[in-house]
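Hello,

Here is the structure we talked about handing over. Please open it first, then read the notes below.

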Amino acid sequence: MAEATLYDRLGGVYAIAAVVNHFSDEIIKNAKVGELSENPQLREWSTKSIGRLPGLKFMRTLWVCNVAGGPFEYSPTVPGHDMLGLEEAHRSLRITSEEFDEVAAELARSLDAFNVPDREKHEVLGAFAAHKGEVTERSRAVHA
């Protein structure tokens, strides 16, 4: 018998959505990457674009479900326009390596808050970390 997917081991869409909801709210409150961030782009998003948070939570939930082997497809788009990769979606935020790491730490804390077992936690964090280069691309170009 085949091993259960990460999606199933995490508890499916409802359990994933609960973690994503918590994680997304905590990022906004996080002093390094949220509403008090020294990064003006992150600070502005966390205060002036907050109305987009429900949609972002939905997209993040789809992404986790997809990378975890669930029955959902994640297709990032520019609202009403076209496909959008992670690099382009995060370009204007100029996320640094350190800021990415803080977001990863916030994700780890959210997984811990829901008592996600270590194996599954590390798999989720590994999938997240795999995109660090794409997400921090603009920051590296600006600081090069």
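Where in the chain is Asn39 found? Asn39 sits in the loop between H2 and helix H3 (40-48). Helices here are DSSP runs of H or I with at least four residues, strands are runs of E with at least two, and both are numbered from the N terminus.

Before going on, a note on the source. This is a predicted model, in which local features need pLDDT of at least 70 and side-chain atom pairs count only at pLDDT 80 or more, while totals for chains, interfaces and linings use all residues. Residues are numbered from 1 along each chain as its sequence is written, and side-chain values use heavy atoms, with hydrogens and water left out.

**Asn39**

Asn39 counts as buried because its relative accessibility is 6%. Buried means under 20% relative accessible area, exposed over 50%, and partly exposed in between (1.4 Å probe, protein chains only). The side chain of Asn39 makes a polar contact of 3.1 Å with the side chain of Glu99. A polar contact is a pair of N or O atoms within 3.5 Å; within protein, one must be able to donate a hydrogen and the other to accept it, and residues adjacent in sequence count only if both atoms are side-chain atoms. A polar atom of the Asn39 side chain also lies 2.8 Å from the backbone nitrogen of Gln41. Leaving aside residues up to four places away in sequence, Asn39 touches Leu93, Arg94, Ile95 and Glu99. Contact means heavy atoms within 4.5 Å.

**The whole chain**

The protein chain has nine helices and zero strands. Of its 144 residues, 37% count as buried. Among contacts with a separation of 6 or more, 64% join residues 24 or more positions apart.

**Leu6**

Leu6 belongs to helix H1 (residues 6-10). Leu6 is buried too, at 10% relative accessibility. Not counting residues up to four places away in sequence, Leu6 touches Ala68, Glu120, Glu123 and Val124.

**H2 and H4**

Helix H2 (residues 12-29) packs on helix H4 (residues 53-67) at an angle of about 130°, with the axes 9 Å apart. Axes are lines fitted to C-alpha atoms, for helices over the stretch in contact, and angles run from 0 to 180 degrees between N-to-C directions. Residues making the contact include Phe23 of H2 and Arg60 of H4.

Best wishes
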